[in-house]
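Keep the viewer open while you read.

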Amino acid sequence: RMRINIIVPKMALPTGYSCVSSLAMAAITLAVMQVFKNDLAADSKMTILGGFIGSCFFFFLLTAVGNAGTLVLGSSYQLKLFPEIVACIVVSMFASALVHRVCVTTCLLFSLVALYYINRISQAAYGQSTSQLKPTTTAVKSKKEKGKKD
């Protein structure tokens, strides 16, 4: 298994600017999907492209939600599967449904793949995976041991 080593010395943009720019990119992506709705629904390959664009919308929306949470709740904020990630997937699938129903399925598939790689990069950059953590044991004294004096 190949390991990704990423050194994160500094963010490309401050959190506030990143939030605004990712929200703007999400709005632009949604607008592009609506402008080219007829073209994206015309061909089977174009519906797959529509789902990919919906997945890009998911990525930008997820980034905006994560940055907004960091701004409001502090730097220790982490996105959770429910409600943040699920809500972003549902909104992106709804945006894809406005184009074509096949776009919904491809958007879900592309979004799940993107989420896997986002998680993988995040774990490599910021911390250990939960499967790599070793459980710690605490010493619990029984009633007999508590009664004994050394």
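Helices (H or I, at least four residues) and strands (E, at least two) are DSSP runs, numbered from the N terminus. This is a predicted model, in which local features need pLDDT of at least 70 and side-chain atom pairs count only at pLDDT 80 or more, while totals for chains, interfaces and linings use all residues. Residues are numbered from 1 along each chain as its sequence is written, and side-chain values use heavy atoms, with hydrogens and water left out.

**The overall picture**

The chain comes to six helices and zero strands, so from the N terminus on you read α-α-α-α-α-α, by the DSSP rule. For burial, the cut-offs are under 20% relative accessible area for buried, over 50% for exposed, and partly exposed in between (1.4 Å probe, protein chains only). Of the 150 residues in the chain, 25% are buried. Contact here means heavy atoms within 4.5 Å. Among contacts with a separation of 6 or more, 69% join residues 24 or more positions apart. The chain exposes about 11,100 Å², and carbon and sulfur atoms supply 65% of that. Such areas come from the Shrake-Rupley method with a 1.4 Å probe, and for residues only the protein chains shown count as cover.

**Around helix 1**

Start with C19, which sits in helix 1. Is C19 buried or exposed? C19 counts as buried, at 12% relative accessibility. Leaving aside neighbours within four places in sequence, C19 is in contact with A64, N67, A68 and L71. The C-alpha atoms of C19 and A64 are separated by 4.6 Å, although the two are 45 residues apart along the chain.

Further along helix 1 (residues 15–35) you'll find V32, which is partly exposed with a relative accessible area of 34%. Then comes F36, in the loop between helix 1 and helix 2; F36 is partly exposed too, at 42% relative accessibility. Both V32 and F36 belong to a nonpolar surface patch of about 450 Å², made with M25, I28 and V35. Patches are made of residues with over 30% relative accessible area and no salt bridge, with like charges joined within 9 Å and nonpolar side chains (Val, Leu, Ile, Met, Phe, Trp, Tyr) within 5 Å. A salt bridge, in turn, is a side-chain nitrogen of Lys or Arg within 4 Å of a carboxyl oxygen of Asp or Glu.

| Pair | Apart in sequence | Apart in space |
|---|---|---|
| F36 and G50 | 14 residues | 9.1 Å |
| N38 and V99 | 61 residues | 7.6 Å |

The expected span of a helix is 1.5 Å times one less than its number of residues. Helix 3 has 30 residues and should span 44 Å; its end C-alpha atoms are 43 Å apart, which agrees. Helix 5, with 26 residues, reaches 37 Å from its first C-alpha to its last, close to the expected 38 Å.

Two backbone details are worth a look. Just after helix 3, G74 takes a positive phi of about 105 degrees. The peptide bond from F82 to P83 is cis, with omega near 15 degrees, and P83 is in helix 4. For background, most residues other than glycine have a negative phi, and most peptide bonds are trans.

Also in helix 4 is S96, which counts as buried at 0% relative accessibility. Apart from neighbours within four places in sequence, S96 is in contact with M33, G50, G54, C103, V104 and C107.

In helix 5, the buried residues are C103, V104, T106, C107, S111 and L115, and they pack against helix 3 (44–73) and helix 4 (81–97). T106 has 12% relative accessibility and touches T47, I48 and G51, not counting residues up to four places away in sequence.

**And the cysteines?**

A disulfide is a covalent bond between the sulfur atoms of two cysteines. The test used here is a pair of cysteine sulfur atoms within 2.5 Å. How many disulfides does the structure hold? The structure holds zero. Take C56, which is partly exposed, with a relative accessible area of 24%: the closest cysteine sulfur, in C107, is 9.3 Å from the sulfur of C56, too far for a bond.
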